[in-house]
Amino acid sequence: MNRRLPTLFLGIALLALAATLVPPGQHRGFDLQTWGNLPVLADGRVKPLDTVARNSLLLLQNRQKVVTPAGIVLPPHGWLLDLLFQPAVADTYQILRIDHADVLSLFNLTSADGAGGVRFAFTQLRAGLPEIDRQAQLAADVEAPLRSLFQQAVIQLHQHLMLYDRLKFTLQAPDQPGFPAMLADAQALKTARTVFEAMDSFSLIRTVPPGADTKEWRTTGGALVAAANGTPIDPTVLTHEAMGRAWIAGDAANFNTLAQTTAARLTAQLPALTRKSTIEAWFNRAAPFYSSQLLYVVAFLCAIFSWLRWSDVLGRTAFYLMALAFALTTVGILVRMWLESRPPVTNLYSSALFVGWGAVGLCLILERLDRHAVAGAAGALIGFGTLVIAHHLSLSGDTLEMMRAVLDSNFWLATHVVTVTVGYSATFLAGFLATIYLVRGVFTRTLDRPTADGLARMVYGIVCFALFFSFIGTVLGGIWADQSWGRFWGWDPKENGALMIVIWNAVILHARWGGLIRQRGLMALSIFGNIVTAWSWFGTNMLGVGLHSYGFTNSAFLGLVSFVASQALLIALAAVPATRWRSRVEAV
């Protein structure tokens, strides 16, 4: 029976994952899934309305859940429909996040007035909009590195309010519904043209696909301007407007018919883009990386408890669950690659996914070679941690963003970026294996001599692996820099960070070969490798200088400082005298 339990747990996990693939039920009879699958052009790429809704909510409130004042939970595209067609209703939803107390005071509000103390409705903020505009202008005149926390919070809120307001102009002008009647009324046409031009200039999303008269995507406002000038109105504009009226009236049957008709027309008109849009919306709903996070947590708990009791059952369960999470993450990365038509690493978000994926892959190999659930615990911890980092990075906007011109090279993205990121993965893995060695040795009695020697061999081998890939990746980066900027090396902070990883891994190996360190020293230096890699990965991006800088953010800085502090405390464990270790093996 004990031999079958891991397989049983794996089967339960597979059933739970299968449940995430089941299409969601209709919301009050409305087929929101078909509407959410419809493709639009936003942020330079074609994406489904489902993605627009989810990304907008993440930016505005750091989550996708929307609860109405009546306590009804709305799906993301249900909220977007209300914002587009019933803005007065949507304005009552508390989805605008404000964390800074001084910013709240600009609206005469306190945390007690918001949902969860941090989320507020547009109606609550309306009276303070002129003041927030004035404060944002004052803050904009200050250089970004010199802005106070208050000024940073003001600018962020101002940007979110602009996004919220501009979304309303996607399919109609707020307070100006009923454009078919405006087009039909000659007297109203002059006023209508002004409204349509405002929609065209203010809208962020192009909803009208290329047609016979134009090869580019257009905003609804742009299509209406053309219609006001005598061009036949695009049917997509009319069906969206009709769906809006059906949504307001609660006419689910008519809404569903219109949504399905529009989807069929766009599929015939743009089959490849519509297929991609549908798959991306399915990918959003399935949320494979969130499911992987949960699996990694359970795998980690099984691995550490296996050191105390039922080592065979819990150890194999941890391995199976980690392998399942790895497979799920692999599928997620492959789907993102297909959607982008790019290699796996294109931005910080995808680098977090790939770093964790690479480390977990190495841990699966190590666990097959040495079945002590040590590599399993390290892999589950790294996998979970990197997915959490990726989630926080996703709060800044679209993670399938368009590439910057200098990075628009699939060859170098597939060689330099992937290779150097594998080096990140391996260096982090060595540090986390070293963490397990020290924590088990100092705080538990589970580190015996075979386990300690096995961990030392793992760390040594992984450091060798990390040095190889870090060195090759850094050299390839220099060649790419020579092709892009005309110089192989320019002492850019990111270049220096990559070189630091190479040098530090070389230092570890030479110290070991020269007899300067033994097992504990190897572990301490490997944990410091986590600090070096974290600095190269994130720290250099926040300096505000160099060709690889993505800007300073408080949340990333605090996270980096906290991580460095935690690693310093772990390194201090190596200084604990051997006589004070609780393990049954003498510390060396």
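## Cysteines

A search of the whole structure, a predicted model, finds 0 disulfides. Cys-302 illustrates the point: its sulfur lies 16 Å from the closest cysteine sulfur, that of Cys-363, too far for a bond. A disulfide would need the two sulfur atoms within 2.5 Å.

Buried or exposed, where does Cys-302 stand? Cys-302 counts as buried, at 13% relative accessibility. Cys-363 is buried too, with a relative accessible area of 0%. The cut-off for buried is under 20%.

## Packing of H16 and H19

Two packed helices are described by the angle between their axes and the distance between the axes. Helix H16 covers residues 288-306, and helix H19 covers residues 374-394. Their axes are 8 Å apart and meet at an angle of about 150°. The pair is therefore roughly antiparallel, since angles over 145 degrees fall in that class. The crossing of H16 past H19 is left-handed.

## Contact residues

On the H16 side, the contact is made by Phe-289, Ser-292, Gln-293, Tyr-296, Val-297, Ala-299, Phe-300, Ala-303 and Ile-304. H19 contributes Gly-376, Ala-377, Gly-379, Ala-380, Leu-381, Gly-383, Phe-384, Leu-387, Val-388 and His-391.

What is the make-up of this contact by class? It has 13 nonpolar residues and 6 polar ones. No charged residues take part in the contact of H16 with H19.

Key. Residues numbered from 1 in each chain as written. Predicted model: local features only at pLDDT ≥ 70, side-chain atom pairs only at ≥ 80, totals over all residues. Heavy atoms only, no water. Axes fitted to C-alpha atoms, helices over the stretch in contact; angles between N-to-C directions. Helix = DSSP H or I, 4+ residues; strand = E, 2+ residues; numbered from the N terminus. Parallel < 35°, antiparallel > 145°, perpendicular 65-115°, else oblique. Left-handed = near helix turned anticlockwise from the far one by under 90°. Contact = heavy atoms within 4.5 Å. Nonpolar A, V, L, I, M, F, W, Y, C, P; charged D, E, K, R; others polar. Buried < 20%, exposed > 50% of the residue type's maximum accessible area, 1.4 Å probe, protein only.
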